[in-house]
Amino acid sequence: AELDLPRRRPKLPRTLSPGEAERLIEAAAGTQPRDLRDRALVELLYGAGLRVSEAVGLDRAGVDLEQRLVRCTGKGDKERIVPIGRHASEALRRYLAHGRPYLDRRHRPDLFLNAQGGALTRAGAFLILRRLAAAAGLEPERVHPHLLRHSFATHLLEGGADLRSVQEMLGHADLSTTE
């Protein structure tokens with residue numbers, strides 16, 4: 001009872017390599033409304049590090065393409081503003097112009113819509129990623145929305161971003177979570 005047990009070192013989360021992330025994004029090429037939606041979704045999950053619930057919970061009004069910012073609601077109903085890259089904003093621009101109008105049969109405020117015109121669900125986003133992973137030649141059972149979030153953070157840090165900035169973009173309250 002007096003002995004201190006050795007602590008297990010926490011395992012780092014798995015990530016995609018930059019090449020695998022690129023292949024996954026490229027698998028969402030196409031001009032059909034659902035292809036444009038899928039590309040915008042993947043670009044946003046990877047390019048902004050959003051949680052899947054934040055991405056599917058986005059309203060059309062929460063996206064500012066001019067300033068390349070997304071206003072999302074995270075855990076604990078905390079709202080944060082996340083910068084998005086040029087590729088993500090272009091994918092969103094194409095989806096909003098040429099994809100979403102064809103999916104929006106019910107005049108919903110949601111940014112991402114399913115094939116029936118309703119809001120895209122977390123499960124729907126999960127299935128989209130699995131399908132894209134298979135098309136990209138990745139193991140579909142290994143690819144899930146949070147993997148893109150981990151990859152986003154890891155690739156930023158490997159590219160020289162400071163931990164504090166990454167913490168803010170991810171919406172972590174505690175720096176140890178980001179570490």
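1. Basis of the note. The model is predicted, so local features are given where pLDDT is at least 70, side-chain atom pairs count only at pLDDT 80 or more, and totals for chains, interfaces and linings use all residues. Residues are numbered from 1 along each chain as its sequence is written, and side-chain values use heavy atoms, with hydrogens and water left out.

2. The sheet. Helices (H or I, at least four residues) and strands (E, at least two) are DSSP runs, numbered from the N terminus. Three strands form an open sheet in the order E1-E2-E3, with antiparallel pairing. E1 and E3 are at the edges, and each has a single partner strand, so one side of each is left without a neighbour in the sheet. Two strands are said to pair if DSSP finds at least two bridges between them. Strands of a sheet pair through backbone hydrogen bonds, either parallel or antiparallel.

3. The two hairpins. Strand E1 (residues 63-64) pairs with E2 over two bridges, and Val-63 stands opposite Val-70 in E2. Four residues lie between these strands, and in this hairpin Arg-68 takes a positive phi near 55°. E2 and E3 are joined by five bridges, with Leu-69 opposite Pro-83 in E3. Their hairpin has five residues between the strands, and Gly-76 in the turn has a positive phi of about 65°.

4. Helix H1 against H2. The axes of helix H1 (residues 18-26) and H2 come within 9 Å and cross at roughly 155°. That makes H1 roughly antiparallel to H2, the term for angles over 145 degrees. Axes are lines fitted to C-alpha atoms, for helices over the stretch in contact, and angles run from 0 to 180 degrees between N-to-C directions. The contact (heavy atoms within 4.5 Å) is made by Ala-21, Leu-24, Ile-25 and Glu-26 of H1 and Arg-39, Val-42, Glu-43 and Tyr-46 of H2.

5. Helix H2 against H6. These helices pack at an angle of about 45°, with their axes 7 Å apart. H2 is therefore oblique to H6; oblique covers the angles left after under 35 degrees (roughly parallel), over 145 (roughly antiparallel) and 65 to 115 (roughly perpendicular). Residues making the contact include Val-42, Leu-45 and Tyr-46 of H2 and Leu-148, Phe-152 and His-155 of H6.

6. Helix H7. In H7 (residues 163-170), the buried residues are Val-166, Gln-167 and Leu-170. Seen down the helix axis, they fall within an arc of 105°, so they line one face of H7; the arc is that of the directions from the axis to the C-beta atoms. Their cover includes strand E3 (79-83), helix H6 (145-158) and helix H8 (175-178).

7. A buried glycine. Where does Gly-49 lie? This residue is in the loop between helix H2 (33-48) and helix H3 (52-56). Gly-49 counts as buried because its relative accessibility is 0%. Leaving out residues up to four places away in sequence, Gly-49 touches Leu-44, Arg-80, Arg-149, Phe-152 and Leu-170. The C-alpha atoms of Gly-49 and Val-82 are separated by 8.8 Å, although these residues are 33 residues apart along the chain.

How values were computed:
Buried means under 20% relative accessible area, exposed over 50%, partly exposed in between (1.4 Å probe, protein chains only).
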